[in-house]
Every structure is written in structure tokens, then in C-alpha cells.
Amino acid sequence: MAEAAALRDQGHRCITFSPKVFLPLTRLCRDSCGYCTFAQPLQPGRRAYMTLEEVLAVARLGAQQGCSEALFTLGDKPELLYPEAAAELAAMGYSSTLDYVAAAAAAVLAETGLMPHINAGVMGQQDIERLKAVSASQGLMLEELKAVSASQGLMLEGVAPALAAPGGPHWGCPDKEPAARLATIEAAGRARTPYTSGILIGIGESRRERLLALHALRLLQQQHGHIMELIVQNFRAKPGTAMQHYAEPPLEELLWSVAAARIMFGPDMNIQAPPNLTPASSSSSSSSREVDASWRALLDAGINDWAVVAAADALRAAVCGDDVSYVVNRNINYTNVCTYGCKFCAFSKGKSAESLRGAPYLLPLEEVARRTAEAWDRGATEVCLQGGIHPDFTGQTYLDILAACKAAAPGIHVHAFSPLEVLHGASTLGISVSDFLSQLKAAGLGSLPGTAAEVLDPQARTGGITEFVPLPFVHMEAPIYLAGAARQGPTLRECVLLHAVARLVLHPLITNIQASWVKMGPQQAVALLAAGCNDMGGSIMNESITRAAGASYGQELPPQQMEVVIAAAGRRPRQRTTLYGRPPASQTAASFAAPELQPVQMGSGWRQQQQQQQQQQQAAGA
């Protein structure tokens, strides 16, 4: 493994991934591999193929969510086994599945710009060349060989007996004949088609047979140079398949196979192992820590390509399950008057920022209390309080705001004050941050939001962090963007990748990764649920900071809508408290029967405050 990792490092210093959308054009197949869950028999009343409209609709969603590749997956020549499939193809105007996949790939490329990658099974050079015109690459896995003819290098005497014998994984599967698969891969080389191949381990083959299969692929690569990546995939027993009770290969076999592939193919080949199939490092445990150790071991074995999003999603499933949590809360931004001039912030209002969106305001304590009481009556368990650094605020101001909230709703959790506000309050009282935090806690502060801690110092990670929330920059009204000194906010691809990496890097210290629907919108935030996220934040009720920057979201996503959005992603919605507990049943019930919000009162602005202060000073002088 050390030799394999060293070779990998000679050619690759980064671990790559490809954000892709899956397009299962048909799940019918004339083969019936004993381990496959993708191929399904024809179901009465269901179509054999996705329609072209369905293909484009899914592809467009993938493009919107930052994908760059459209992966066409399909069974091998189903029309030769199912008359219904042949009839459906004819009704659409196609004579074969390959004809249809060529048309679908062309449409996706033209309509969305996604680059098609086509796994269409065994075919001849003419079909490969036809698909090359509408795809960026193609692929076909090679099953293990029993022997390879030394004189020709490509021909073989037969497959391992256990694979093709009655009851074996490839019994009755004509397209799994290794000679036919090698011929397809060779035809792709003659056509100069970028190609993906690899081996499946743990289905009855020996280590020697894996090496023979890799050797056959290496000979093809030396001759044509068209194999751009190798996938070393381990067998996993799946319920409902013929091999559901078959023993899975241990991690050691996967690591050995990956290392062997790296050593045989050298430093430049891209080698991948699907992270969602990785076995635990201990046969007696499948905990997230064990899987994490397995992933690290795969890196040490020489892989350089990984589906980062899939890895993050698999880790999320292992750690958090399929529940997606959210809290019913209300944001109260009590002032936008601020003495700071952060260039990314469009919320702040001061003498130097009066031209930006919105008027300056300061909420009276009575309005803070009214909003808190209304939030509790509507089923909230939390109020989240943040504002600008008002020049007249002292530490006592923050204590008074807490007192107003707790008096209005004694049972509510107050999640309040940015680190900068805490520092400001402590300094105005002439006490330490620690002492001021103690006063805030005694006054009813339940927890602190991490927002405004733009840099997480590793030395400051002392525990107690309940969630990590990557917040994309909303640029539209931000001063730094309006001045031409910043790019637009991150792309969706960048957002998806950052959330996925956060899940992987922060494990196991921070187990909750949150998607901000306020910043990204509900539909795009849902895309992050497949990239490692397990939480959708709060229902909000009101929000001012992000909207001031130009976002169109943030006013309220009530529980009914939140749960519809989560369920549509195939996940289970669950209300939570701020600290990820279960809210009282009475509050949950109230949240689903909440009345309309009452109009908010914004209070006076900067100029009115100045005038009021001048009048008070004049009155005092008189």
C-alpha cells in the first residue's frame, strides 16, 4: 500500500470528484446478474423507458444544482428479452435502446450543456463511434478472467467457473462474457473514445483472476491510451438479489485490489473506489468511525478520485440517519444601525451607509417582547436575536433585550448575540467576555449563534458546537460587490461541494451540517440534503439581514411547507429544539395551527434617534 500511495502522489496531489446527475434511461436488462439491484423486471402499467421529456426535466434539475455530467445508466439490450420494450421503442421512433440513448444524450447536451457519460453495455465499434458524437465518455466494467492468451493479449480461455456456472452471479448473462466485454473496450480504443472501466471484486474470483483482468485492461491501455479511469468496486450483498446471503469481501481485499491496480497502472491513472460501498475497517462494526477509517485507508492504498458528495451523503446516513431536522423559531433583528462597515454586509446602516437598501431602525423593547410572545403562541421554541453594533448600546442593553424576551415568553429558548456583540457588551461594561457571558446566561441566554465568526480558529474548537452552517455570500446589494471589488456569490456547485467537505472534515466533532434555505432558497437547499446535510435550520418568521443583501427568501417557511420540501427529497422531517432535542408536543401542535403574523413595527431610524437625543439634551440643559 505504501508503494501504491507513493505512486499516486507522483501523478496526483488532489482527490478529484465529478458532480453528476443520474439518468436511468431504462432499468430493464436482458442479463440477470446475481448481485444487481439496478435491473428490474417489467412492471405492469409502468413504462419501460424514461420519456425524453422526463430525461430533460431531470437533467435540467441537475444543471441547476451544479452538476457538470449526465450519467446515462441502462440495462443491456432489454428489447431482445422484453417484447414490450421493443414495442415502446418503436412507438417512440427508435429501433433499439442504443438508438434511443444516442437521441437522449444529444438532447441533454443541446438543452442543458451537461456532458453525457454513457454506460450502454456491450456494443460494436460503429455504435461506439455513434455515441461518441453525443457524449464526452463511455464506460464498461470488466469482470475477472480465468486466463489470458499470451500471444494475443486480449483473448481469453474462459471466465472463472464460479461466475458462469449455474447458480453463479453471471449464469444466463450473455453480455457478461469477458471476450465480448474486452472486444467492446478495444473497439472504444480504436475509436479513440475516452473510457471508464474497472473490476468488481468479491463475487467468487481469486486475487490471481483480478490481476488477470487488470492485466488485460493494462494491455488495452498501452495499445490505445483511452482508459481515463479505473473503478475498483467491492461487492455488497443486497436484499432481494440472488446473492443477498453471499459473504461480502473484507476491507483488506478492497485495499489490496486498489493497491494492485495502482502499481500495475502507475502514477498517472485515475483510480476510484465508490465511497458509498466502502466496508467498515472492522468486520464486527459498521459505525461511522469505522467507515471513516476505511476511507482513509483507501487513500493510503492509492486512489485519487472520489465522489465527494456521495461520500458525504453516506457519512450523513451513517451518523444521522434519514431524519432532517428543523426548528420553529423567529428571527428578531432589533437594529440595523451599526458602527462597523463590513464590506460584505448590506444590512448595516450608519452615516456612511445611508445609501444602501432600507432605512435605519431600532426596535423598541416593547416590539421585541411582542414579537417573542407572538412567536411562542405560533409554536416557536426559539427566538434568534442579532443586530448591528449600535453606538448607544452597552452591555446593559443586551441584558434588557434578554429580559424583555423572557418576560414575554418564559419558556422560549433565546439564541442570541454574535461574538462581536458579546465583545461590545463586555467592553462597554468594563468586564471580561467570560464575566459578561455569565451575566447573559443568568439573564436567560440559552445559546450563542456562530454567525459573524467568519474564521474558525482550530484552537477555539473546544466543544459545544451544535451545528455547522456554511453561508453563501449574497452579493446583490453588498458594498464590496457594488464597488466592483468582489465576484458574485458562489455557484451552486461550490455550495454543494463546501457542504459535502464540511461533513467529511468536521466528522466526528460536529455532527449536524445545516443547509440555509434563507440564503439559497428552499429548493436549492434541498439539493444539499444529498450532499451531507441533515438539518434545514429554522422556520424564521422574519429575517432582515439576508434580504437586505438582495435575497428574495427569508420571511417564513412554515412547518407544513418545510415538511413537504423535506419529504420531496425522500427524507423524514422532524421538528427539534435549538439544542436538537424534542420540542413540547403542545408547541409542535401550535406550529401547525399558527395564525397569520401581525404587522411588525420597525421603530425609529438613525436621524430620528439623533434628533431625539438632541431634544433630550436640550431639555436637560434648560
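**Basis.** I worked from a predicted model, in which local features need pLDDT of at least 70, side-chain atom pairs count only at pLDDT 80 or more, and totals for chains, interfaces and linings use all residues. Residues are numbered from 1 along each chain as its sequence is written, and side-chain values use heavy atoms, with hydrogens and water left out. I took helices (H or I, at least four residues) and strands (E, at least two) as DSSP runs, numbered from the N terminus.

**Entry 1: H1 and H9.** I looked up how helix H1 (residues 2-11) meets helix H9 (residues 251-265): their axes come within 9 Å and cross at roughly 50°. The axes are lines fitted to C-alpha atoms, for helices over the stretch in contact, with angles from 0 to 180 degrees between N-to-C directions. H1 and H9 are therefore oblique to each other; under 35 degrees counts as roughly parallel, over 145 as roughly antiparallel, 65 to 115 as roughly perpendicular and the rest as oblique. I then listed the contact (heavy atoms within 4.5 Å): H1 contributes Glu3, Ala4, Leu7 and Arg8, and H9 contributes Ala259, Arg262 and Ile263. By class, I noted 4 nonpolar, no polar and 3 charged residues. Here Ala, Val, Leu, Ile, Met, Phe, Trp, Tyr, Cys and Pro count as nonpolar, Asp, Glu, Lys and Arg as charged, and the others, Gly among them, as polar.

**Entry 2: H21.** In helix H21 (residues 559-568), I found Pro559, Met562, Val565 and Ile566 buried. Buried means under 20% relative accessible area, exposed over 50%, and partly exposed in between (1.4 Å probe, protein chains only). I recorded the packing partners of the buried residues, including strand S8 (323-327), helix H19 (522-527) and helix H22 (585-591). After H21 comes Gly570, with a positive phi near 80°.

**Entry 3: backbone in loops.** I checked the peptide bond from His507 to Pro508, which is cis with omega near 0°. Pro508 is placed in the loop between helix H17 (492-506) and H18. Lys77, not a glycine, has a positive phi of about 45° and is partly exposed at 21% relative accessible area. Tyr580, also not a glycine, has a positive phi of about 70°; Tyr580 is found in the loop between S14 and H22 and is buried at 17%.
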